[in-house]
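Keep the structure open as you read.

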Amino acid sequence: MLVYSGLKKDFLKSVEEDSIAEEIEETIYNKMHKKTARNEFRSWENSLEYMYKVLNDDTIPENSGIAIEYNIPQTSKRVDFIISGYGEKKDPNVIIIELKQWDKVDTVNGQDALVETFTGGAVRKVVHPSYQAWSYAAMIYDYNQNVQEGNIILHPCAFMHNYRKSNPEKLEENQYKEYVEDAPIFGRGEVYKLREFIKKSVKTGDNKEVLYDIDNGRIRPSKSLQDTINSMLKGNQEFVMLDEQKVVYEEILRVAKQCMTDLKKRTVVVKGGPGTGKTVVAINLLAKLTNEGMFVQYTSKNSAPREVYSKKLTGFKKSSVNNMFKGSGSYVDVDSNTIDVILCDEAHRLNEKSGLFHNKGENQIKEIINASLCSVFFIDESQRVTLSDIGSIGEIKKWADKEDSEILEMELLSQFRCNGSDGYLAWLDDVLEIRETANHDLKDIEYDIQIVDDPNEVREIIIEKNLNSHNRARMVAGYCWEWLKDGKADTNVHDIKIGDFEMSWNLSDSQPFALSDTSVNEVGCIHTSQGLEFDYVGVIIGDDMRYENGHIVTDFTKRASTDQSLKGIKKLYKENPEKALSEADEIIKNTYRTLMTRGMKGCYVYCTDKNLANYLRECLK
């Protein structure tokens with residue numbers, strides 16, 4: 001949606017009259033019914049003065065199209081500044097400019113396309129400006145039919161008008177090279193360079209014709225995007241569907257197509273325990289429905305599954321396929337039914353509020369159902385692992401009813417993890433006193449679970465298994481040890497210490513914990529492993545779960561202060577001790593249940609509480 005649009009001469013006049021920010025503010029309110037924050041208003045006044053300098057050149061056509069705060073359809077993302085016109089051969093061209101007011105930026109080593117700067121009142125990791133501009137251009141191309149069929153050429157770049165480049169410039173180092181090549185950075189004092197970049201592609205004005213074409217383009221995935229994701233799944237054994245996975249997949253395909261035909265809203269809930277193939281079905285649906293010409297997105301609260309599966313599909317290459325993978329807070333401002341299908345994985349992890357400070361939106365479940373014509377939730381209610389997790393089948397049904405969305409329920413039962421043993425899961429639930437089952441032992445169950453007396457021995461087993469399983473063995477632990485700030489990028493800083501055993505929590509790395517070649521030397525937490533699977537997993541159970549007086553007991557006071565999973569539990573304990581203990585008990589047990597079901601072939605457990613170790617060992621007999 002074009003929020004503000006005009007010709008170059010109109011833009012220059014509005015800046016000269018000091019009315020440009022007010023015009024944008026008024027247009028946003030009229031078109032989007034949103035009030036503009038003061039800091040955003042001031043940023044327009046500041047940045048657009050610099051764009052006035054850039055465009056104040058007679059060789060840039062007066063009737064070039066100008067768009068400010070272009071809202072990319074089906075998203076809440078807005079492009080800061082667009083210039084449109086025609087090239088030498090009357091080819092339509094669009095310059096996409098990401099404006100940044102930063103004056104200081106630091107590189108982030110080991111993490112793809114991230115930098116660090118002061119924003120939102122603190123120093124934070126954010127995406128590199130070139131990546132941001134490139135990803136917006138990729139999104140517009142991949143989903144705008146008029147851009148595809150009209151051969152509109154998109155030229156992304158970033159203008160950091162307060163930032164003085166160094167020599168050599170750190171934001172143009174090798175780790176960012178592939179993004180900077182596609183979307184160059186212009187800094188303070190480089191007005192002339194940015195002008196030349198624009199003039200290469202905009203030779204004659206278009207009177208906003210190209211902008212109009214973009215704004216009225218039908219949303220449809222490009223053929224190249226369809227072919228790309230389709231080819232990624234072919235021959236990839238990890239995404240082959242078995243048994244009822246195929247049944248559920250075909251039924252959701254039918255429902256999605258029905259939604260596209262009769263334009264009625266439908267919500268599908270797919271219930272399934274660990275290892276039943278929820279994500280396999282979701283990824284196959286993402287590819288197939290995109291190939292059918294639908295606008296589809298995969299979403300999850302936890303970033304680990306998104307990162308891992310997008311990397312597995314793209315093979316660590318820069319790819320616009322990443323635009324298909326979204327955080328669950330991405331739908332706060334998306335209008336009703338503007339996305340064809342949203343596939344929500346790990347739906348039990350959804351939050352009520354979105355945003356860094358949990359202050360945006362109303363409810364993530366509502367927002368996902370509202371934004372899509374067909375919403376699909378993959379859920380395991382026994383994997384709720386933080387106080388803020390609100391995902392439940394009941395909650396989904398409630399919001400589906402309020403959004404007038406027909407509800408369908410399906411279930412995945414067959415276990416493809418833990419050596420295909422439903423009995424192991426039932427045994428685990430019984431042993432951890434999550435629910436009573438008939439599985440009091442593991443007789444006739446072929447799954448390699450061992451209770452080990454020394455954490456060093458667990459590490460040795462995992463390192464050996466990792467060598468023989470193509471990097472598919474990992475150590476994980478309950479969040480009972482502080483995550484030291486100084487050690488987040490240094491494997492030599494050991495957060496977890498048990499006697500002579502020392503290891504680091506998983507590092508900030510360019511590759512996800514589940515895929516990195518070096519993360520076997522680190523310990524993952526629930527947030528880096530939930531929703532993923534390994535061949536073998538080594539689990540350290542900390543002091544937050546013990547065995548006393550014939551029962552499993554949990555103790556939230558033994559959790560690390562850096563753990564956000566139980567944020568607010570102390571306040572709740574003062575107000576309602578019984579409820580606090582019940583909530584903490586559920587979350588701690590669910591955490592260890594989740595960690596102990598990550599391994600497909602084996603699980604090796606060390607307990608800091610010797611009574612718990614003896615109890616588990618006895619239960620194995």
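## Ground rules

Helices (H or I, at least four residues) and strands (E, at least two) are DSSP runs, numbered from the N terminus. What you're looking at is a predicted model, where local features need pLDDT of at least 70 and side-chain atom pairs count only at pLDDT 80 or more, while totals for chains, interfaces and linings use all residues. Residues are numbered from 1 along each chain as its sequence is written, and side-chain values use heavy atoms, with hydrogens and water left out.

## Around aspartate 262

Aspartate 262 sits in helix 10, which covers residues 244-262. With a relative accessible area of 31%, aspartate 262 is partly exposed; for the labels used here, buried means under 20% relative accessible area, exposed over 50%, and partly exposed in between (1.4 Å probe, protein chains only).

The side chain of aspartate 262 reaches the backbone nitrogen of lysine 264 at 2.9 Å. Now go 12 residues along the chain to proline 274: the C-alpha atoms of aspartate 262 and proline 274 are separated by 35 Å.

## Salt bridges

A salt bridge here is a side-chain nitrogen of Lys or Arg within 4 Å of a carboxyl oxygen of Asp or Glu. In general, side chains of opposite charge can pair when their charged atoms come close. Searching the whole structure turns up 40 salt bridges.

One of them joins aspartate 112 and lysine 311, with the closest N and O atoms 3.9 Å apart. That pair links distant parts of the chain, 199 residues apart: aspartate 112 is in the loop between strand 5 (106-107) and strand 6 (114-119), and lysine 311 is in helix 12 (residues 303-314). Aspartate 112 is partly exposed at 33% relative accessible area, whereas lysine 311 is buried at 16%.

## A bridge within a helix, and a network

How far apart are lysine 199 and glutamate 196 in helix 7? They're separated by about one helical turn, because they are three residues apart in that helix (residues 191-201). Lysine 199 counts as buried at 17% relative accessibility, while glutamate 196 is partly exposed at 43%. Both belong to a network of salt bridges that links Asp57, Arg195, Glu196 and Lys199.

Then have a look at arginine 559 and aspartate 563, whose side chains meet in a salt bridge at 2.6 Å, N to O. Arginine 559 and aspartate 563 are both buried.

## A negative patch

Asp18, Glu22, Glu26, Glu45 and Glu49 form a negative surface patch. Helix 2 (20-32) and helix 3 (38-55) are the elements that give two or more residues to it. Patches are made of residues with over 30% relative accessible area and no salt bridge, with like charges joined within 9 Å and nonpolar side chains (Val, Leu, Ile, Met, Phe, Trp, Tyr) within 5 Å.

Aspartate 18 lies in the loop between helix 1 (8-16) and helix 2. Aspartate 18 is exposed, at a relative accessible area of 57%.

The side chain of histidine 155 makes a polar contact with the side chain of asparagine 93 at 2.6 Å. A polar contact is a pair of N or O atoms within 3.5 Å; within protein, one must be able to donate a hydrogen and the other to accept it, and residues adjacent in sequence count only if both atoms are side-chain atoms.

Proline 168 is in the loop between strand 8 and helix 6 (177-182). The peptide bond from asparagine 167 to proline 168 is cis, with omega near 5°.

## Two positive phi values

Glutamate 433 isn't glycine, yet its phi is positive, near 60°. Look for glutamate 433 in the loop between helix 15 (422-431) and strand 16 (448-451), partly exposed at 30% relative accessibility.

Asparagine 549 also has a positive phi, near 55°. Asparagine 549 lies in the loop between strand 22 (545-548) and strand 23 (551-554), and counts as exposed at 79% relative accessibility.

Technical notes: Areas by Shrake-Rupley, 256 points an atom, 1.4 Å probe, with all protein chains shown as cover. Lys, Arg positive; Asp, Glu negative; His and termini not counted. Charge placed at Lys NZ, Arg CZ, Asp CG, Glu CD.
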